[in-house]
Amino acid sequence: MKRRYWVISPNVLNDGNTTHWLERSKSENKVFVGYDKDAIHGEKFKNKLSNGDCVIIAQGAKDNRNLFLAGLITSQRDYDEEGEVYFRNVDYYMDKNDFKDNNIRLNSNNAYKESNNPGTIYELKYENSFDKSVMDKINSLIKLKKEKKQCKTK
């Protein structure tokens with residue numbers, strides 16, 4: 001089964017606390033999503049994402065995107081009582097500098113235009129050449145970083 005790639009906004013409502021959620025994501029190795037139980041993105045976060053899938057934390061729409069972190073999901077969905085949000089654990093392998101250094105960008109051509117006005121979460125598609133290019137670059141970089149990490153532990 002192919003790895004799936006999900007783009008998740010740290011704060012799609014942009015109420016000024018994006019930095020807080022990004023800092024928590026990085027320091028705790030988690031991706032956070034707040035939602036009501038009947039929200040469609042909550043259903044995706046709960047039932048569609050799987051261990052081993054890649055999550056890309058990004059924010060923005062059309063050609064104005066900021067990419068922050070990317071990594072592989074390592075847990076089922078859980079609930080953070082304090083923040084009143086759901087989360088999954090993630091091994092992060094990429095940050096803003098990695099995206100920039102490797103020319104990895106999302107734009108209005110990604111996700112069959114679903115990302116023109118993205119919500120909290122959307123999936124990149126292998127059938128879309130723009131998505132596939134992003135997925136290939138991320139996959140290669142994650143593989144390289146995993147190998148380096150394994151060499152350091154030996």
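Trainee: Why is Lys145 called partly exposed?

Mentor: Lys145 has a relative accessible area of 26%. Buried means under 20% relative accessible area and exposed means over 50%, with partly exposed in between (1.4 Å probe, protein chains only). The value of 26% lies in between, so Lys145 is partly exposed. This is a predicted model, in which local features need pLDDT of at least 70 and side-chain atom pairs count only at pLDDT 80 or more, while totals for chains, interfaces and linings use all residues. Residues are numbered from 1 along each chain as its sequence is written, and side-chain values use heavy atoms, with hydrogens and water left out.

Trainee: Why is Asp98 called buried?

Mentor: Its relative accessible area is 13%. That value is under 20%, so Asp98 is buried.

Trainee: Which residues form salt bridges with Glu123?

Mentor: Arg4 is one of them, with its closest N and O atoms 2.8 Å from those of Glu123. Lys125 also forms a salt bridge with Glu123, at 3.7 Å. Both values are within 4 Å, so both pairs qualify. Glu123 counts as buried because its relative accessibility is 12%, whereas Arg4, at 24%, counts as partly exposed. By this rule the count comes to eight salt bridges.

Trainee: What makes the contact between Thr18 and Gln59 a polar one?

Mentor: A polar contact is a pair of N or O atoms within 3.5 Å; within protein, one must be able to donate a hydrogen and the other to accept it, and residues adjacent in sequence count only if both atoms are side-chain atoms. The side chains of Thr18 and Gln59 are joined at 3.5 Å, so the contact meets this limit. Thr18 lies in helix H1 (residues 18-28) and, at 10% relative accessibility, counts as buried.

Trainee: How confident is the predictor in the chain?

Mentor: The mean pLDDT, the predictor's confidence in each residue from 0 to 100, is 85 for the chain, and 87% of its residues reach 70 or more.

How values were computed: Helices (H or I, at least four residues) and strands (E, at least two) are DSSP runs, numbered from the N terminus. A salt bridge is a side-chain nitrogen of Lys or Arg within 4 Å of a carboxyl oxygen of Asp or Glu.
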